[in-house]
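Please read the points below alongside the sequence and the coordinates.

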Amino acid sequence: CAYFLFVTYHIMEPCVNGTQHIGYTWYDIKDEDAHITNNSSNSIEVIAQGKLPLPMYESVPLKWTGITDKKLGFMPVFMDSRGIIMALSKSMGWNWVPLLDTTSSAIKKNKHDTIWPISISGGKLQGVMLNGKGEIVPKCVPRPVLSSFDVQIPLIGLEGDKVGTLKHKFEESCLQNALIMAQSEWMLNKDGVSEERIEEELSNEEAKLDAKVLKHMVLSLKLNKPIRALGLVKRLRSIKAIKIAYAQAGKESAPKALLTRIERIIAKREELEILQNKDDEEDSDDSDDEAGEENYTDENDVDELEPEKPSQTIIPIKKGKENVKRSRNVNPFSRATPSKKESEGFEIKSPDVKLTPQLSRQSSFSQESRKKKR
């Protein structure tokens, strides 16, 4: 089970114009009894920290903070004074992403309506709708009625009954699924889940994402936008989904150029899968060979594994009439010369050759040149 703690605090005093500087730190509490065992250094890990992107020139820019449930990957969230809920996403490099605009016409019925958020669970925001200008905090008695709102990333084109609203809805759902998939992959790796289960979970998420991209591609074909459809095909993650896209493009009587491009994409993906399978097989074979080499030891190889002793050379040294043998360790690869004491009994005789300098006739040291000068 995962335990997280999201803390917000003032970094510095507010500016003269009223701008607040609020920072955050997101902790991973590995041991819920860390405060009892006094072992907080090993059981608490800082996942991310920084400064909240809040509106300027406002004395109370932060309205609410919380953490989502497992479906959204336990993302830290907050709502600012403008009514926008932001989430800290792994897919964006631990940066803040707008998750929901509570001031949109899909949520607010009247101009002065505001939302008192409580939690985000199951992909929905749970909160209380406050009606009227003066109502800022919900009443405790009678107990307020909770309302739920679907989480929807604010994109241009989602407001009102504009042309192409369905296209933007598909784009928003694909973006939301990509955020959730990256966050769930991070959570599975953090929990130490086996690779087989991680692949199974990710394959299910990829199938959901590919299904939404396929719907978006069919809509682009119906609107006679082949370039947009090709871009969506490139975003598909599995070969099976790309083949389904090829079949759908054939049914929608897509241009031949689009069909040939999709065929090339399928061929490239198949080649990449073959190469990846070969690499995986080679890696598994190498790991098996290394494991076998580590476990196997031959009796004949025991001597070879022992370190070699340095070679010893015996140098005779004359002391009077006796030859005394001394041994010393000598590196066989070095060309060291014996010391003076060791080389006293040896004489290096030079050959009996008289070396006379060879001077040219024009040299100033030759006999002919001396005669000429005289």
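Alanine 106 counts as exposed because its relative accessibility is 64%, where exposed means over 50% relative accessible area, buried under 20% and partly exposed in between (1.4 Å probe, protein chains only). The model is predicted, so local features need pLDDT of at least 70 and side-chain atom pairs count only at pLDDT 80 or more, while totals for chains, interfaces and linings use all residues. Residues are numbered from 1 along each chain as its sequence is written, and side-chain values use heavy atoms, with hydrogens and water left out.

- Alanine 106 sits in the loop that runs between strand 7 (95–101) and strand 8 (114–121); strands (E, at least two residues) and helices (H or I, at least four) are DSSP runs numbered from the N terminus.
- A C-alpha separation of 9.4 Å is found between alanine 106 and leucine 158, which are 52 residues apart along the chain.

**Helix packing**

- Helix 4 (residues 195–222) packs against helix 5 (residues 226–234) at an angle of about 165 degrees, with the axes 8 Å apart; axes are lines fitted to C-alpha atoms, for helices over the stretch in contact, and angles run from 0 to 180 degrees between N-to-C directions.
- Helix 4 is therefore roughly antiparallel to helix 5, a term for angles over 145 degrees.
- On the helix 4 side, Val213, His216, Met217, Ser220 and Leu221 meet Arg228, Ala229, Leu232 and Val233 of helix 5, contact meaning heavy atoms within 4.5 Å.
- The axes of helix 3 (residues 165–190) and helix 4 come within 10 Å and cross at roughly 170 degrees.
- Helix 3 is thus roughly antiparallel to helix 4.

**Aromatic pairs**

- The whole structure holds 10 aromatic pairs, in which ring centres of Phe, Tyr and Trp (its six-membered ring) lie within 6.5 Å; planes under 30 degrees apart count as stacked, over 60 as edge-to-face and the rest as tilted.
- Phenylalanine 6 and tyrosine 24 form a tilted pair, because their ring centres are 6.0 Å apart and their planes lie at 35 degrees.
- Phenylalanine 6 is buried at 13% relative accessible area, and tyrosine 24 is buried at 5%.
- Phenylalanine 78 and tryptophan 96 form an edge-to-face pair, with ring centres 4.9 Å apart and planes at 80 degrees.
- This pair joins strand 5 (residues 76–80), which holds phenylalanine 78, to strand 7, which holds tryptophan 96, 18 residues apart.
- Phe4, Trp26, Phe74, Trp94 and Trp186 are linked by ring pairs into a cluster.

Technical notes
Angles under 35 degrees count as roughly parallel, over 145 as roughly antiparallel, 65 to 115 as roughly perpendicular and the rest as oblique.
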